[in-house]
Structure formats: structure tokens, C-alpha cells
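Reader: I have a protein model to study for my course. Could you take me through it step by step?

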Amino acid sequence: MQQYFINKPYQNPLVLDDKETLKHMFQVMRLLEGDQLVLVFPDGVKYLARVKSSSEHSFDILEELLDDVELPVDVTIASGFPKGDKLEFLSQKVTELGASAFWAFPADWSVVKWDSKKLAKKSEKLAKISKGAAEQSKRNKIPDVKLFDKKADFLAQLKDFDHILIAYEESAKEGEKSAFAQALASLKKGEKILFIFGPEGGISPAEISLFEEAGGLKIGLGPRIMRTETAPLYALSSLSYALELDK
């Protein structure tokens, strides 16, 4: 059943005016009067709804759905600016895997350099990708997308997290195997977790020092060295396995 995020508070019947959402509903999916769908309101609660009038864009709310697929912890994925379209790929995949937010920042070893105008345009594009991925994966919330113009602004956010985990290539090379598993075992429901990943060149020693000063913990992600677009997916999958799957 098709799912849509609604940017207005609950009301019944509901009338929508979001042109992009309506276009997808009635032109792409060709919904008709009487068709059912799932609507997610800003508070993250899902409702089963039925098209009341396709011409007036109105819907009857039928019942609340007790369906919550969010991770038990609040996870932010932060990546140093990578090359090409890797941010687009990551914004889609980390949404599917349950991230609450996707951030990117200008790392010391980032090759790409974007001005504020380019960042604003790219942020808008990534937000749309995240919304589509959240609808497809039946999320209750759309991840927050934020691209930092200055690394100092990113660093200022670190104090807001309960745990900061730094995926560090050198830790993997040195054979470190337990820090990530121990960190996962210590997580409590509702805590805020930040994963930091470097761009293609990795995280610089100077950045490691800054992250550790903010309380960050270096972790290895196994013996194999992963690409910058692969490591976040491994981390989120591991977290989901540790916290969501019965063993």
C-alpha cells in the first residue's frame, strides 16, 4: 500500500494542497475515490486513509496504525564530503536502514569544494531523495538532511550526542576488533548516536584529535577496508542486528 508523508496536522476529513504529493498520488499512482493509502503526519503516527474526492483532494482517515519501524536509538550519519554522486546514494540508503539524520561536512581530505549556493541546492535534492526512500521503506519519520558549510559548525553539534563513534581506517588496519561491539552493547533506548565517516581520503589525524576531544571513540569496522559509501551501511546494518533482531 502506498505511503505518503503529510506536512500538515491531523484532521478528518483531510484536504491536501502539496502539489508534488498530489501529482504522485493522482497522476503517477492514479489513485481513485475509494482507494486506500497510508498517511504519516508530522508526529510520525501513521493512519490508514481512503480517497474521498480525487477532484477536491480530500481523504477520510479510517484508523490509526500501530506501526513504528524506527530504530530504538536516534542515529545520525555524518560523512566528509565525498566525490561524485555518493551523497545521493548515501542519503537514500541510510534512510532505508533507519538513520534519523544524514549530515555531511567539509573534511580535511575532501576533494570536492562546494560553496553555500551549491550546498543549498544539493541539500534540497538530498531531502527529496530521503523523503522518497522513507516512503518506500515505510518509515515513520523522514531523516533530517544537513550539509555544513564550515567544519566548525559541524563540530559545534557534537556536544548534543550521547555517543560519538569514529569509523577509523587505521583502527581496522591495526586489527582493532572490539570497540564497535562493546559500543553497541552499551547503547540504551532513546540515546543519540553519531557515526562519523571520512571522505575517500579518510579522516585526518587533526580531525581525529578534535573528534576525540569531543568524546568520540575510534572504532574499526572489521578487517576489510571499505569505501566511504559502504562503511555507513555496514555500521547501520550492524546496529540494527544488535538492537532489533532476536538472537
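Reader: Which residue stands opposite Trp103 in S8?

Author: Trp103 stands opposite Lys146 in S8. Please keep in mind that this is a predicted model. Strand S7, residues 101-105, runs parallel to S8, and four bridges join the two.

Reader: What sheet do those strands belong to, and what is the order of its strands?

Author: They belong to an open sheet of six strands with parallel pairing, in the order S8-S7-S6-S10-S9-S11. Its edge strands are S8 (144-147) and S11 (216-219), each of which pairs on one side only. On average, neighbouring strands of this sheet are turned by 20° against each other, direction ignored.

Reader: What holds strands of a sheet together, in general?

Author: Strands of a sheet pair through backbone hydrogen bonds, and they do so either parallel or antiparallel.

Reader: Which strands does H3 lie across?

Author: Helix H3, residues 116-136, lies across S7 and S8, and runs at about 160° to S8. Helix H7 (residues 205-213) also packs on the sheet, where it touches S7, S9 (163-167), S10 (192-197) and S11. The direction of H7 makes about 130° with that of S11.

Reader: Staying with H7, which of its residues are buried?

Author: The buried residues of H7 are Glu207, Ile208 and Phe211. They lie on the same side of H7, because they cover an arc of only 105° around the axis. These buried residues pack against S7, helix H4 (151-155), S9, S10 and S11.

Reader: And what does the face turned away from that buried side carry?

Author: That face of H7 carries the exposed residues Pro205 and Glu213. Just after H7, Gly215 takes a positive phi of about 100°.

Reader: Back to H3 for a moment. Is Ser130 buried or exposed?

Author: Ser130, whose place is in helix H3, has a relative accessible area of 0% and is therefore buried, since the cut-off for buried is under 20%.

Reader: What does Ser130 touch?

Author: Leaving out residues up to four places away in sequence, Ser130 touches Ser91, Thr95, Ile142, Pro143 and Val145. With Thr95 there is a polar contact of 3.5 Å between the two side chains.

Reader: New topic: what is the order of strands in the sheet of five?

Author: That open sheet has the order S1-S3-S4-S5-S2, with mixed pairing. Strands S1 (3-5) and S2 (14-15) are at the edges, and each pairs on one side only. S2 pairs with S5 (residues 58-65) in the antiparallel sense over two bridges, and Val15 stands opposite Ser58 in S5.

Reader: Which helix packs on this sheet?

Author: Helix H1, residues 19-28, packs on the sheet and touches S1, S3 (36-40), S4 (46-53) and S5. Its direction makes about 165° with that of S1.

Reader: Why are the buried residues of H1 on the same side?

Author: The residues concerned are Thr21, Leu22, Met25 and Phe26. They are on the same side of H1 because they cover an arc of only 100° around the axis. They pack against S1, S3, S4, S5 and H3. The face of H1 turned away from its buried side carries the exposed residues Lys19, Gln27 and Val28.

Reader: What happens at the start of H1?

Author: There, a side-chain oxygen of Asp18 reaches to within 3.1 Å of the backbone nitrogen of Glu20. H1 is followed by Arg30, whose phi is positive, near 55°.

Reader: How many residues are in the largest nonpolar core?

Author: It has 34 residues, and those that touch the most other members are Val75, Ile77, Val94, Phe180, Phe195, Phe197 and Leu239. Helix H8 (residues 231-244) gives the largest share of this core, five residues. A second, separate core of 17 residues includes Phe105, Phe154, Leu158 and Ile164.

Reader: One last item: where is Thr228?

Author: Thr228 is in the loop between S11 and H8. It counts as buried, at 9% relative accessibility. A polar atom of the Thr228 side chain lies 2.6 Å from the backbone oxygen of Gly198. Beyond its neighbours within four places in sequence, Thr228 is in contact with several residues, among them Ser79, Pro82 and Lys86. Thr228 and Gly202 are 26 residues apart in sequence, and their C-alpha atoms are 8.0 Å apart in space.

How values were computed: Residues are numbered from 1 along each chain as its sequence is written. This is a predicted model: local features need pLDDT of at least 70, side-chain atom pairs count only at pLDDT 80 or more; totals for chains, interfaces and linings use all residues. Side-chain values use heavy atoms; hydrogens and water are left out. Two strands pair if DSSP finds at least two bridges between them. Axes are lines fitted to C-alpha atoms, for helices over the stretch in contact, and angles run from 0 to 180 degrees between N-to-C directions. Contact means heavy atoms within 4.5 Å. Buried means under 20% relative accessible area, exposed over 50%, partly exposed in between (1.4 Å probe, protein chains only). A polar contact is a pair of N or O atoms within 3.5 Å; within protein, one must be able to donate a hydrogen and the other to accept it, and residues adjacent in sequence count only if both atoms are side-chain atoms. A nonpolar core is a set of buried Ala, Val, Leu, Ile, Met, Phe, Trp, Tyr and Cys residues joined through side-chain atoms within 4.5 Å. The arc is that of the directions from the helix axis to the C-beta atoms.
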